[in-house]
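Reader: I am new to this structure and would like to go through it with you. Could we begin with the terms, please?

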Amino acid sequence: MEKTNISTGTGIIVAGFLIALAIFITKTPAAPKVEPDTTTTKTTTGTTPKADITKVVTANMPFIGNANAPVTIAYWSDYQCPFCKKFETTTFQSIVKNYVDTGKVKVVFKDYAFLGSDSITAGVYARAVWELYPAQYMAWREEMYNKQDDEGDQGFGDEASVLAMTETISGIDASKVAQAVAANKDRYQAMMDADKSEGSSMGITGTPGFILGNQEIAGAVPYSQFQVAIEALLK
């Protein structure tokens with residue numbers, strides 16, 4: 001009886017499979033190459049926030065220091081924020097002493113009100129104080145943080161308590177400040193909203209938040225971190 005050689009038959013089958021596979025590979029288009037996504041942070045629009053102090057609006061904003069200082073720090077805050085209070089009573093004092101008072105740094109104050117209605121009240125009163133009594137603005141601001149208690153709409157921070165505190169600041173007529181708030185509240189609110197939107201577009205997501213040069217600094221960080229960033233910009 002004639003028999004088929006198993007090894008020969010298997011070789012024929014394997015050879016046929018390899019030929020078919022080669023034809024399939026040559027006819028199948030190569031999959032497109034996918035580049036790795038190296039983006040680490042995106043806004044809702046799909047763009048990466050970029051800190052740039054030259055694009056921050058500084059005209060008509062509350063500020064301290066030499067108007068033509070070589071370094072500008074934009075500082076976003078909320079009067080109800082406990083971390084802002086921590087910054088204002090510690091690190092900020094050293095920045096003012098070593099850089100603002102020596103004419104090297106200008107600090108521009110920006111609103112990022114997000115902790116309730118008391119945050120809004122403080123923000124609009126701050127705008128009125130700056131417009132009417134710019135020389136007393138820092139004394140008023142410091143006292144706002146000295147009076148700060150619990151975060152949010154409780155305790156100090158409503159209109160009555162802010163107005164009462166304003167009356168204690170030498171050189172300020174609190175009644176005129178209240179009148180300015182009543183007459184310009186919508187305008188002040190629009191300015192605050194613009195500040196917050198601007199900050200968000202550059203990477204600010206909370207308070208305190210800062211931009212100097214092309215760097216964004218988040219939180220009540222130690223003085224040494226600001227010192228390094230400022231000195232680099234002064235070179």
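Predicted model: local features only at pLDDT ≥ 70, side-chain atom pairs only at ≥ 80, totals over all residues.

Reader: Where does E231 lie, then?

Author: E231 lies in helix 8. E231 is partly exposed, with a relative accessible area of 34%; buried means under 20% relative accessible area, exposed over 50%, and partly exposed in between (1.4 Å probe, protein chains only).

Reader: And how far is E231 from Y99?

Author: Their C-alpha atoms are separated by 9.8 Å, although E231 and Y99 are 132 residues apart along the chain.

Reader: At what angle do helix 3 and helix 8 pack?

Author: Helix 3 (residues 91-100) and helix 8 (residues 223-234) pack at about 30°, and their axes are 10 Å apart. Helix 3 is therefore roughly parallel to helix 8. Axes are lines fitted to C-alpha atoms, for helices over the stretch in contact, and angles run from 0 to 180 degrees between N-to-C directions. Angles under 35 degrees count as roughly parallel, over 145 as roughly antiparallel, 65 to 115 as roughly perpendicular and the rest as oblique.

Reader: Which residues make that contact?

Author: Helix 3 contributes T91, S94, I95, N98 and Y99, while helix 8 contributes Y223, F226, Q227, I230, E231 and L234. Contact means heavy atoms within 4.5 Å. These residues divide into six nonpolar, four polar and one charged. Here Ala, Val, Leu, Ile, Met, Phe, Trp, Tyr, Cys and Pro count as nonpolar, Asp, Glu, Lys and Arg as charged, and the others, Gly among them, as polar.

Reader: What about helix 4 and helix 5: how do they cross?

Author: The axes of helix 4 and helix 5 (residues 137-147) come within 9 Å and cross at roughly 160°. That makes helix 4 roughly antiparallel to helix 5. The contact is made by A122, Y125, A126, V129 and W130 of helix 4, with Y137, W140 and M144 of helix 5. They divide into eight nonpolar, no polar and no charged.

Reader: Which residues touch the most other members of the largest nonpolar core?

Author: V107 and W140 do, in a core of 49 residues. Helix 4 (residues 117-132) gives the most to this core, with seven residues. A nonpolar core is a set of buried Ala, Val, Leu, Ile, Met, Phe, Trp, Tyr and Cys residues joined through side-chain atoms within 4.5 Å.

Reader: What does W140 contact, leaving aside its neighbours within four places in sequence?

Author: W140 is in contact with Y79, A122, Y125, A126, V129, V162, M165, T166, I169 and I172. A second, separate core of nine residues includes A74, Y112, M202 and I211.

Reader: Changing topic, which peptide bond is cis?

Author: The bond from T207 to P208 is cis, with omega near -10°. P208 is found in the loop between helix 7 (174-201) and strand 4 (209-212).

Reader: And N60: is that residue buried or exposed?

Author: N60 is exposed, with a relative accessible area of 67%. N60 has a positive phi of about 65° although it is not a glycine.

Notes: Residues numbered from 1 in each chain as written. Heavy atoms only, no water. Helix = DSSP H or I, 4+ residues; strand = E, 2+ residues; numbered from the N terminus.
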